[in-house]
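Me: I would like to learn how to read a few features of a structure. Could you give me the general idea each time and then the case at hand?

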Amino acid sequence: MENKQHHSPAYRALLQAGPRLKPLQQVHAHLIVSGSGRIRSLLTKLLSLACAVSITYTRRLFFAIPIPDSFLFNTVVVKTSKLGFSIDSLLFYRRMILSDIAPSNYTLTAVIKSCADLSALKLGRVIHGHVLSSGYDLDLHVQAALVSFYAKAGDLGVARKIFDKMPERTVVAWNSIISAYEQNGFAKEAIGLFYLMRDSGVQPDSATCVIVLAACAQLGDIGLGRWVHEYVAGQDFDVNVVQLGTSLINMYARCGHVGKAREVFDSMRESNVVAWTAMISGYGMHGSGTQAVELFYQMRAHGLWPNKITFVAVLSACAHAGLVHEGRLVFASMKQEYGLVPGVEHHVCMVDMFGRAGLLKEAYQFIKEVIREKPSPAVWTAMLGACKMHKNFDLGVEVAEHLLSIEPENPGHYVMLSNIYALAGRMDRVEMVRNMMIRKSLKKEVGYSTVEVDQRTYLFSMGDKSNPETNEIYQYLDELMSRCREAGYVPESESVMHELEEEEREHALRYHSEKLAIAFGLLKTSDAVVIRIVKNLRMCEDCHSAIKFISIVANREIIVRDRLRFHDFKDGSCSCLDYW
């Protein structure tokens with residue numbers, strides 16, 4: 001009898017109403033008047049459509065049902081979770097449990113997703129208990145959802161344990177665990193899992209490709225990134241799908257191939273604000289501020305509405321290219337043309353832009369007059385960096401004290417203040433700051449650099465001796481730096497800890513992580529190969545100067561991506577034109 005209802009006039013009326021509130025309410029009223037208001041198939045369809053229209057109406061509708069059965073509960077829990085009404089999904093689930101109705105595997109998958117979306121770790125663990133007591137701990141869909149949940153909650157250990165126990169791993173499960181590592185900053189491990197997935201015979205899908213491209217972007221792994229691009233083309237995935245196309249743009253830009261990123265961008269038949277923003281950001285990272293600004297105005301001409309992230313991308317590009325006038329205009333347009341309220345990131349970009357250009361007074365005025373109330377630590381950090389860059393020690397000390405009062409446990413602020421005192425010749429203050437760090441057990445962030453050779457990534461830290469060929473690397477680097485000195489290189493010993501003697505400073509500078517990575521890359525590759533380095537911190541002034549000379553004496557192009565941007569060294573000059 002229930003199935004016949006699917007062909008009834010009432011069911012057809014529901015289909016005609018669709019996800020529109022007033023027509024649905026009219027059909028609902030007709031169902032009640034005609035006495036059909038308790039037929040399960042009609043109620044299920046009504047609830048399903050209501051979820052897509054109004055969560056308030058859905059709640060009122062559901063709670064008016066005297067005794068909802070498991071089918072109705074499953075419908076409303078799954079549908080609200082899928083549409084992003086996570087709290088409601090969990091509330092419906094709670095009522096379901098209190099009504100002594102056993103959840104299905106689909107119900108549990110939905111509520112686990114809701115917990116993941118809300119980052120509700122404690123509640124998710126409770127649901128995990130329900131999974132075990134309900135006997136669904138070996139269900140593939142539930143396991144994949146649990147892997148994703150624990151990954152989003154940052155508990156990679158549990159996520160991996162569940163994954164390793166899975167009797168059968170679908171592409172969805174593999175995507176969940178690979179994404180877990182990538183999103184938590186373990187890009188190398190994510191790529192390792194991707195290779196395991198391929199070895200196990202599971203074919204990557206478009207979602208896998210998006211995740212792996214993000215990991216390649218993190219590591220600067222252009223070799224695997226190109227392989228994924230070729231795989232996408234070979235599998236007839238639609239590169240014009242915006243998410244996949246945007247991932248390729250981001251990967252190529254972050255791996256130093258901004259021209260290739262632009263090729264992908266131009267080949268996309270469809271693009272949205274995210275794709276345009278990725279391309280603008282790519283130009284900004286490479287110091288191509290003019291192209292970034294031009295693309296921003298082209299985007300507007302195409303009728304696309306920039307969002308706050310777009311403005312961060314274009315303002316950052318202006319900051320890194322010295323385009324102060326353009327930056328002012330773009331910032332003003334946020335409110336005037338788009339009605340967007342600038343946030344912390346936009347303020348940081350503006351202070352950074354003024355500061356890099358040497359307009360310290362204007363940067364400080366911007367903080368006091370535009371931001372006014374409680375500027376964020378990131379704003380003061382940008383101001384402090386500008387003070388150090390332009391050797392304004394008095395203002396630098398004032399700014400550093402602001403920072404330390406806001407974030408007393410951030411070691412980076414103490415290091416910057418120590419450097420400013422040292423540059424000003426206040427060695428007594430340097431000692432004081434270092435003692436404060438020791439008392440608070442604060443340590444400077446460890447810098448490292450990676451270089452790719454023969455599709456393998458090698459990692460180096462300062463003074464690193466873990467590589468089996470350490471002696472050869474150090475000997476070659478010593479010879480290289482001697483040749484650089486002959487060519488005119490002079491070490492900038494201000495870049496290292498100031499309590500060291502001059503000779504010790506030069507020794508410390510020589511073995512910075514990027515220099516070791518470059519030496520290894522030069523040793524292991526042929527003359528025509530471009531050396532590509534990825535560094536986790538901002539490159540110091542000495543390394544920037546030294547690499548310009550290395551590019552001359554080794555006759556190689558060297559591309560370094562540090563925390564802030566790309567530097568393309570060729571024939572003794574850098575693409576940043578020393579504006580960084």
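Me: Which residue of β5 stands opposite isoleucine 558?

Reply: Strands, like helices, are DSSP runs numbered from the N terminus, with at least two residues of type E for a strand and at least four of type H or I for a helix, and two strands pair if DSSP finds at least two bridges between them. In this predicted model, isoleucine 558 stands opposite phenylalanine 569 in β5, and the strands concerned, β4 (residues 558-561) and β5 (residues 566-570), run antiparallel and are joined by four bridges. As the model is predicted, local features need pLDDT of at least 70 and side-chain atom pairs count only at pLDDT 80 or more, whereas totals for chains, interfaces and linings use all residues. Residues are numbered from 1 along each chain as its sequence is written, and side-chain values use heavy atoms, with hydrogens and water left out.

Me: What is the order of the strands in the open sheet, and which strands stand at its edges?

Reply: The open sheet has six strands in the order β2-β1-β3-β4-β5-β6, with mixed pairing. At the edges stand β2 and β6 (573-574), each with a single partner strand, so one side of each is left without a neighbour in the sheet.

Me: How do I check the length of a helix, and is α30 largely enclosed or open?

Reply: As to burial, a residue is buried under 20% relative accessible area, exposed over 50% and partly exposed in between, with a 1.4 Å probe and protein chains only. Eleven of the 13 residues of α30 are buried, so this helix is largely enclosed by the rest of the structure; among them are Phe549, Ile550 and Val553, and also Asp542 and Lys548. After α30 comes asparagine 555, whose phi is positive, near 55°.

Me: How many disulfides does the structure hold, and how far is the sulfur of cysteine 540 from the closest cysteine sulfur?

Reply: A disulfide is a covalent bond between the sulfur atoms of two cysteines, and the criterion here is a pair of cysteine sulfur atoms within 2.5 Å. The structure holds zero disulfides. The sulfur of cysteine 540 is 3.7 Å from that of cysteine 543, its closest, which is too far for a bond. Cysteine 574 is likewise in no disulfide, with the nearest cysteine sulfur, that of cysteine 576, 3.5 Å away. At 4% relative accessibility, cysteine 574 counts as buried, and cysteine 540, at 13%, counts as buried too.
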